[in-house]
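Please keep the sequence and the structure in view while reading.

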Amino acid sequence: MMGELGVDTSVRPRGDGRFEATLSADWEIWGPMGGYVAACALRAAGASNVDHRPAAFSCHYLGVARFGPVELRVQTRKDGRRAASQRVEVTQDERPILDAMVWSVSDDVDGLEHDETVFPDVPGPDELRTIRELLPDDAPPPYPFWNNLEAKPIEFESEWPPAEALPARWQQWLRFTPRAAFDDPWVDAGRSVILVDLPSWPSAHRPHAWKQPPYVAPTLDLNVAFHRPAREHEWLLCDGSAPLSTAGLFGWTARVWSEDGHLHASGGGQCLYRRLPSATS
């Protein structure tokens, strides 16, 4: 089974700024993947402001949702011709799941132009093998979420856990399946929301995985800046790192690049460690 981003983040209007979405189990990582839930909130903002394109997204994760219907309420905080701000509240059975703020802009905005971004020194997707080619034929994906992506890792460890600490960086070329890109700017921006959210735990866990530490780390917040549309590019490089983990927290940053070296989105957030129940005394 696999999900389809455009279908699985769709929202249904219920009137008065309210929408409903159905969280699909095809996007499971420890429950509904956080970036996927955030992409649903982004879709609700877009459904309320179809004349603009997304510029910035931020959210707090307030609870873990179940797979099934959720309610979304969109409130306009500033309604301008060039820029608009909206608040999106996601609840399930009146329980708060996520609160988001979204900025959007019109297509006719202009300003100063410069680009000093530096594309990582990594091979392109055509030079790498997919994760399915690198793993044994009978190895299932660790979570259903991974069925929705064709992945080509920059670095691959055939033995896991590794024998030693690894750098706190996670880089993979990723292509959504069965549909890789979307004409609707709000749907396509959901790809970047998911890819900015994705490398948080994978990057922070790498320096410690060899010890198999008894922790998980739920995400507290997510912030995404949309720099330029990515809908012409199927393969996107997810470039994430978590260089500092201390005092029960770690922060991560992530960048989303295309094959032509352009930066399309960037962001990050903060995660809070939680000791696994089996490890508590």
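Which residues of α2 are buried? The buried residues of α2 are Gly35, Tyr36, Val37, Ala38, Ala39, Cys40, Ala41, Leu42, Arg43, Ala44, Ala45 and Gly46. Here buried means under 20% relative accessible area, exposed means over 50%, and partly exposed lies in between, with a 1.4 Å probe and protein chains only. The model is predicted: local features need pLDDT of at least 70, side-chain atom pairs count only at pLDDT 80 or more, and totals for chains, interfaces and linings use all residues. Residues are numbered from 1 along each chain as its sequence is written, and side-chain values use heavy atoms, with hydrogens and water left out.

Helix α2 covers residues 34–47, which is 14 residues. From its first C-alpha to its last it reaches 20 Å, close to the 20 Å expected at 1.5 Å a residue; the expected span is 1.5 Å times one less than the number of residues. Because 12 of its 14 residues are buried, α2 is largely enclosed by the rest of the structure. Helices (H or I, at least four residues) and strands (E, at least two) are DSSP runs numbered from the N terminus.

Cys40, one of the buried residues of α2, has a relative accessible area of 2%. A disulfide is a pair of cysteine sulfur atoms within 2.5 Å, and by this rule the count comes to zero. Cys40 is in no disulfide, and the nearest cysteine sulfur, that of Cys59, is 12 Å away. Cys59 is in no disulfide either; for this residue the nearest cysteine sulfur belongs to Cys271, 11 Å away. Cys59 also counts as buried, at 2% relative accessibility.

Attention now turns to a loop. Arg206 is placed between α5 (200–205) and β9 (215–216), and with 6% relative accessibility it counts as buried. Leaving aside residues up to four places away in sequence, Arg206 touches Glu155, Glu157, Trp160, Ala165, Leu166, Pro167, Arg169 and Trp170. A contact means heavy atoms within 4.5 Å.

The whole protein remains to be described. Its secondary structure comes to five helices and 14 strands, and buried residues make up 47% of its 281 residues. Of the contacts with a separation of 6 or more, 71% are between residues 24 or more positions apart. Along its principal axes, the C-alpha trace spans about 55 × 45 × 40 Å.
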